[in-house]
Amino acid sequence: MEAIRKQASKLREQVARQQQAVMKQFGGGYGADGAFADEAEAQQHSKLEKLYISTRAAKHFQRDIVRGVEGYIVTGSKQVEIGNKLCEDGKKYGTENTCTSGSTLSKAALSFAKARSLMEKERVNLLKALGTQVAEPLRAMVMGAPLEDARHLAQRYDRMRQEAEAQAIEVSKRQMKLREASGNGDMISRLEAAETKLQELKSNMGVLGKEAVAAMTAVEAQQQRLTLQRLIALVESERNYHQRVLQNLDQLEREMVSERQRIEGAPPPVVESSMPPPPAYEEVNGIFMRNTVAELVETVEYFLAEAIQSYRAESDTELNLAAGDYIVVRKVSNNGWAEGECRGKAGWFPYDYIEKRERVLASKVGQVF
């Protein structure tokens, strides 16, 4: 359609140039001052073309916004569905969890489910606002009567202008024939009829052009105003949504962090152990003094190990360990205990709390000896 309009515009320009050439060559009543397209009409025509281009571009932009919002609503609805499912999963775990070491994760799951439910409700409200406050008003204007009526007026004016251009050329040809025929009465009457028709076309074209310009100007102003308002509504809706979601997330984070700090600050739970107590010994130059203890200890070569979890000593013969400590293991008993040295202290510790290592990081060497 656009290509056809451009081609028609080029043809009109060619016809106008031919008309001007004929008028310039033969003179007559439709010369520079009385020509078909005077300055006022040319300005009106130029303004109408600019208005047509402007309103068409605004219409396409409005349509793009509508399509974008509709796509956002579709994907947002799917996100609401996924979020609600995640909310249900968190609520189910929080109410049905039977963890024996505490209910911390259950509380966190319930808090998460509650916050997620609130956020999904906010998302639903956002999608409704985008549909009613942005997409629907713009869609109504794109498909509305004012724009179509104004465009029809502009198109009627364009067709009448083409007809007037053709009639002006017809008048110029009849003027030329009349000069050649030297006052033929029939030709004079035909020329007068052609001139009368041209004047009527020009008069009607002027009135219709003013109506079309006024209608297109009103539509352009309405497009600019309404589209800006809907864009502002879009931004405000999204801003309010994100502000409320952020408030929910901040509250949820504070609750979870507070619970985590409470757990980390609390003493570790007492775990009943079925392990026998470590062997009691007195170390003099690395030699065990009691035969009963020596019988329990397996002779091994020294090796390096890393603590994979912390251990708190319960007697003077045991060794405190922190996860990541390196220990020189000197003895391993057959009842689950090992003996070694870490940070200048020696003692017993559970063998399952360590893992053998072939090398030690340079930064950790000072912790071993």
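This report walks through selected features of one predicted model.

## Ground rules

Residues are numbered from 1 along each chain as its sequence is written.

## An aromatic cluster

How many aromatic pairs does a search of the whole structure find? The search finds 2. Rings of Phe, Tyr and Trp (its six-membered ring) pair if their centres lie within 6.5 Å; planes under 30 degrees apart are stacked, over 60 edge-to-face, and the rest tilted. The centres of Tyr 311 and Trp 337 are 6.3 Å apart and their planes meet at 75°, so this pair is edge-to-face. The pair links distant parts of the chain, 26 residues apart. Tyr 311 sits in the loop between strand S4 (303–307) and strand S5 (326–333), and Trp 337 belongs to strand S6 (residues 337–342). Strands (E, at least two residues) and helices (H or I, at least four) are DSSP runs, numbered from the N terminus.

Are these two residues buried or exposed? Buried means under 20% relative accessible area, exposed means over 50%, and partly exposed lies in between (1.4 Å probe, protein chains only). Tyr 311 has 12% relative accessibility, so Tyr 311 is buried. Trp 337 has 5%, so Trp 337 is buried.

Tyr 311 also pairs with Tyr 353. That pair is edge-to-face, with 5.5 Å centre to centre and 85° between the planes. Tyr 353 lies in the loop between strand S7 (345–350) and strand S8 (354–357), so the pair ties together parts 42 residues apart in sequence. At 22% relative accessibility, Tyr 353 is partly exposed. Together, ring pairs link Tyr 311, Trp 337 and Tyr 353 into a cluster.

## Strands around S5

S5 is mostly covered: 8 of its 8 residues are buried. Two strands pair if DSSP finds at least two bridges between them. S4 and S5 run antiparallel and are joined by 4 bridges. The bridge partner of Glu 306 in S5 is Tyr 326.

On to S6. S5 and S6 also run antiparallel, with 4 bridges joining them. Val 328 stands opposite Glu 341 in S6. S5 and S6 form a hairpin with 3 residues between them. In the turn, Gly 336 has a positive phi of about 95°.

## A charge over a ring

Where does the charged end of Lys 356 sit? The charged end lies over the ring of Phe 303, 5.2 Å from the ring centre. The rule: NZ of Lys or CZ of Arg must be within 6 Å of the ring centre and within 35 degrees of the ring normal.

## Cysteines

The structure holds 0 disulfides (pairs of cysteine sulfur atoms within 2.5 Å). Cys 87 is buried at 7% relative accessibility. Cys 342 is buried too, at 3%.

Helix H3 (residues 104–142) has 39 residues. Its expected span is 1.5 Å times one less than its number of residues. H3 bends by about 35° at Ala 135, and a proline, Pro 137, follows within four residues. The bend is the angle between axes fitted to the seven residues ending there and the seven starting there.

Val 219 lies in helix H5 (residues 185–265). Val 219 is buried, with a relative accessible area of 4%. The C-alpha atoms of Val 219 and Thr 55 are separated by 7.3 Å, though the two residues are 164 apart along the chain.

Methods: This is a predicted model: local features need pLDDT of at least 70, side-chain atom pairs count only at pLDDT 80 or more; totals for chains, interfaces and linings use all residues. Side-chain values use heavy atoms; hydrogens and water are left out.
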